[in-house]
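Please open the structure in your viewer and keep the selection tool at hand.

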Amino acid sequence: MIAEKKIIRIKLKSAAAISKFMADYYYELNAASESGNPKIAWCTSVGPAEILRAMGYLVYFPETHSAMLGATRMATDLIPEANALGYSPDICSYLTADIGAFLKGVTPLAKVYEGITGIPKPDVLVFNTNQCRDVQDWFSWYGEKFDAPVLGVYTHRNVGDVSNALVGSIAKQMETLAGSLEKISGRSLDLEDLKRVVALSRECSELWKKVLQTAASRPSPLTFFDAATLMGPAVVGRGTRQAVDVFKTLLSELEERIQNAEGAVPDERFRIYWEGMPVWGRLRAHSELFAGLKANVLASTYCNSWIFSRLSPEDPFNSMAQAYTELFIVRSDAAKEKYIRDMLDFFKIDGIIYHDAKTCPNNSNCRYGMPQRLEQITGVPSLTIQGDLNDLRLLSDEQTKTNVEAFIEQLEERG
Ligand code: SF4
């Protein structure tokens, strides 16, 4: 039997630089919201942020705000507020927690950033249904509240091959979107500005990819739980110079760890892949649970979602359409399985954890036989844990602990 031991977490020094980046980001949004200048666009986490930035909008991402509601464990008590409006407890708990917080007039931003009392007011809200339909309902609700226009890109889902016809149709929607945004901002989109922003976004994406790929080293200098707290600049800052700079700092610290053979989990024995959303309110508990068993959850589909290798400043609209359509979450099961197999090989994975997040079927890939099919092909065993991204009523800590301990013991027995 593997002895679980109390773990000392070794914090990355770059975490302070990333916290400063996030603070600057929210203070800038807050100032714009108070003064009305520059205009603010809300955007979904894998929405066309580059177009918005190139047109001078500051960009706010409600999903990141809702992840903060989860991480601060405020979400669970707020969800019933949205349920009372008719938003089911079974739908996205990012949506229900975020709307609940708005109805109650609370935000974690006020706890973390002195002087900020609320979320920034939108001048326009822009979604892409590439991840799910929930974002459309979520943004439409706020559009009505703030009397602001809501614009969308509609993406096919369950995509096998990303065909030219599909990319062309999305690119066309993005060009139309830019035209609508010009009317709202009163400013034309300068193609050179868009190319510059797309180039910065691509650079950010490449750095984030390299950061995540450092986990292929043995021992891994990074855990999934660290990455989930460090990924803010990839989500909210893509297209900015500041995000590029802060990821350069992070990458060099991780490379130094590799040179010194310094693992994020002392005495790493088992290498685990996480498939699905994080449980935001249990990041620390899960990090300690696995580390205590000498298991490093070191790679994930989730953190990889902000790698956009197709972005190309030479062909901004088509490359954005390609990048935001070939994402894992948009794809067919066959494409997803191929992707996970590549990840298992690249990171030399011993086992997979599937998180069945009750309110996000879009990020829960364990419901139609995928774990079994993948284990049959690769021989890599898996465990499915029941839970949720934000609603802590949907998980059992005891059950998770018992199941994870048994799973690691199973890995131990395999030798
Ligand atoms: S992908 Fe899932 S977590 Fe994200 S907004 Fe959609 S339903 Fe919510």
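Two rings of Phe, Tyr or Trp (for Trp, its six-membered ring) count as a pair if their centres lie within 6.5 Å, and the pair is called stacked if the planes are under 30 degrees apart, edge-to-face if they are over 60, and tilted for the rest. This is a predicted model, in which local features need pLDDT of at least 70 and side-chain atom pairs count only at pLDDT 80 or more, while totals for chains, interfaces and linings use all residues. Residues are numbered from 1 along each chain as its sequence is written, and side-chain values use heavy atoms, with hydrogens and water left out.

**Stop 1: aromatic rings**

Select W42, Y60, Y94, F102, W138, F139, W141, Y142 and F146, which ring pairs link into a cluster. A search of the whole structure finds 25 aromatic pairs. Next select Y25 and Y26, whose ring centres are 4.8 Å apart and whose planes stand at 70°, so this pair is edge-to-face. Y25 and Y26 are both buried, where buried means under 20% relative accessible area, exposed over 50%, and partly exposed in between, with a 1.4 Å probe and protein chains only.

Now select F225 and W274, another edge-to-face pair, with 5.9 Å from centre to centre and 75° between the planes. Because F225 lies in helix α10 (residues 224–230) and W274 in strand β5, the pair ties together parts that are 49 residues apart in sequence. Helices (H or I, at least four residues) and strands (E, at least two) are DSSP runs, numbered from the N terminus.

**Stop 2: strand β5**

Select residues 270–275, which form strand β5, and colour them by burial: 6 of its 6 residues are buried. Which residues point one way from β5, and which the other way? F270, I272 and W274 point one way, whereas R271, Y273 and E275 point the other way.

**Stop 3: helix α9**

Finally, select residues 191–213, the 23 residues of helix α9. Among the buried residues of α9 are L194, V197, V198, W208 and L212. At the start of α9, look for a side-chain oxygen of D190, which reaches to within 2.8 Å of the backbone nitrogen of E192.

How values were computed:
Expected span 1.5 Å × (residues − 1). Polar contact = N/O pair within 3.5 Å; in protein donor to acceptor, adjacent residues only side chain to side chain.
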